[in-house]
Amino acid sequence: MFDEDLIAGQRLTRSTRGENRFLSFKIRLPWYRSIYLSCFDRIELSVNGRPQAEENIFFKLYGTTYRFSELTKHHSVLWFVLDPAELLVQHDSNLPSDRCEIALTLFFRIPYHRHVFRQVSTCTSALQLEDRIALS
Amino acid sequence: MSTTIRLGTTTYSFNDEYHSYDLSLESMFETIGSLSPKQGLEIIAPQCIRTYPEVSEEFERRFRYAVERYDLVPSAFGHYSDLGRIPGRDLSIEEAVEFSRIQLEGAKRLGYSLARMSYQSFDLTDRREALYRQLLPDLERLELKLAIEIHAPNIIESEQQQRVNRRRCRAQFALCRFYNRLRLHDEPRLASLRAQVSRAGCRPSHREARD
């Protein structure tokens, strides 16, 4: 549902935080209703065809950044269906200066099913790369 | 038993427009109100309410304003049990009751007298511990009824639904049918619904189920 909206916007932001370099982009919840972060338990992300390790992926919502692999702990944090979130991925490779192809698959549990039943949403998009110098 | 059907619309019907920001919450209510006078309104709580499962005072104010302005009738509150919210286990019955209670109290404040409950919450094999039974004191206190959702691929005449009908207990329970994308003037589907209602001998509409 709403797979085409999973990657929101056209921009891929490159930034540094300390010694680490990150890429970030906006995502939308590709479903009809809000759900808890605890429902997100798997992600597949590639940048220009290179798969990214899940431990290098972070999820930012309402000003708080979470390791994606730890989202399942947050069963009281609701991602409201209309609000964009941000995905960040730590990376070390050199990137071309203009556009990158992002392929994202998000897996999430349907909270009202008593047994595991997942939604899978996939989106691929070519994003315009830009730099953000100042980061807190 | 009357089989008069009064129409209502669920906000689920406007998924595409709402998700794409083409319709705001209020403009969705306005569109629903434009379908007919006294159009029934089902809201999907976690779709519409930012503070779900709680109903904030701000939402209550906006909702009541829209109901008045667009001539809407609150017909069903789209309640969710979210029993699988915590990975690896179902909510305990105490957790589930509390989660539902918060929503039902919100539904009451919005002017609803009926809340929809997913068939997932209606345990047909062991109803002694079913969530709805635990909620009966709250339902009586709040003067609310629960309606059990008939979800695709089931229909009113399905075997599952007939079991529900046969076991329907006390006045708190009503049965209603939700059409996700049924719009006004969809006569073939309405005719089909009327026929199903008649054969099943159940109460057909949100409004009737409230009475």
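Predicted model: local features only at pLDDT ≥ 70, side-chain atom pairs only at ≥ 80, totals over all residues.
Trainee: Is His19(B) buried or exposed?

Mentor: His19(B) is buried, because its relative accessible area is 2% and buried means under 20%. A polar atom of the His19(B) side chain lies 2.7 Å from the backbone oxygen of Leu29(A).

Trainee: Let me step back to the two chains. How many residues of chain B are in contact with chain A?

Mentor: On the chain B side there are 25 residues, in contact with 27 residues of chain A. The area that the two chains bury between them is about 2,400 Å², and 53% of it is on carbon and sulfur atoms.

Trainee: How many salt bridges and how many polar contacts join chain B and chain A?

Mentor: Between chain B and chain A there are 2 salt bridges. One salt bridge pairs Asp83(A) with Arg50(B), with 2.5 Å between the closest N and O atoms. As for polar contacts, 14 residue pairs are counted between chain B and chain A, with both residues at pLDDT 80 or more.

Trainee: Which helices of chain B supply the side that touches chain A?

Mentor: At least two residues each come from α1 (15-19) and α3 (45-48) of chain B. The most is given by α1(B), with 4 residues. Sorted by class, the side of chain B that touches chain A has 14 nonpolar, 5 polar and 6 charged residues.

Trainee: Now for strands. How do β1 and β2 of chain A run?

Mentor: For a pair of strands, look at the direction and then at the partners. Strand β1 (residues 7-17) and strand β2 (residues 20-27) of chain A run antiparallel and are joined by 7 bridges. Within this pairing, Ala8(A) stands opposite Lys26(A) in β2(A). The hairpin has 2 residues between the strands, and Gly18(A) takes a positive phi near 65 degrees there.

Trainee: In which sense do β1(A) and β11 of chain A pair?

Mentor: That pairing is in the parallel sense, over 5 bridges, with β11 covering residues 118-132 of chain A. As an example, Thr13(A) has Glu130(A) in β11(A) as its bridge partner.

Trainee: How many salt bridges does a search of the whole structure find?

Mentor: Over all chains, the search finds 14 salt bridges. One of them can be read from its two ends: Arg109(B) and Glu60(B) meet through their side chains, at 2.9 Å from N to O. Arg109(B) lies in helix α5 (residues 93-109) and Glu60(B) in helix α4 (residues 57-69) of chain B, so the pair ties together parts that are 49 residues apart in sequence.

Trainee: What does Arg101(B) form a salt bridge with?

Mentor: Its partner is Asp138(B), and the closest N and O atoms are 3.0 Å apart. Because Arg101(B) lies in helix α5 and Asp138(B) in helix α6 (residues 131-142) of chain B, the pair ties together parts that are 37 residues apart in sequence. The two ends can then be read by accessibility: Arg101(B) is partly exposed at 25%, whereas Asp138(B) is buried at 7%. Both belong to a network of salt bridges that links Glu98(B), Arg101(B), Glu105(B), Asp138(B) and Arg141(B).

Trainee: Which residues of helix α2 of chain B are buried?

Mentor: In α2 (residues 25-33), the buried residues are Leu25(B), Ser27(B), Met28(B), Phe29(B), Ile32(B) and Gly33(B). These buried residues pack against several elements of chain B, among them α1, α3 and α4.

Trainee: Finally, backbone angles. What kind of peptide bond runs from Tyr52(B) to Pro53(B)?

Mentor: That bond is cis, with omega near 5 degrees. Pro53(B) sits in the loop between α3 and α4 of chain B.

Trainee: And what phi does Asn48(A) have?

Mentor: Asn48(A) is not a glycine, yet its phi is positive, about 50 degrees. Asn48(A) lies in the loop between β4 (40-47) and β5 (50-51) of chain A. In chain B, Asp71(B) has a positive phi of about 60 degrees and lies in the loop between α4 and β3.

Methods:
Residues numbered from 1 in each chain as written. Chains lettered and ligands numbered in written order. Heavy atoms only, no water. Contact = heavy atoms within 4.5 Å. Buried area = accessible area lost by both parts, 1.4 Å probe. Salt bridge = Lys/Arg side-chain N within 4 Å of Asp/Glu carboxyl O. Polar contact = N/O pair within 3.5 Å; in protein donor to acceptor, adjacent residues only side chain to side chain. Nonpolar A, V, L, I, M, F, W, Y, C, P; charged D, E, K, R; others polar. Pairing = 2+ DSSP bridges. Buried < 20%, exposed > 50% of the residue type's maximum accessible area, 1.4 Å probe, protein only.
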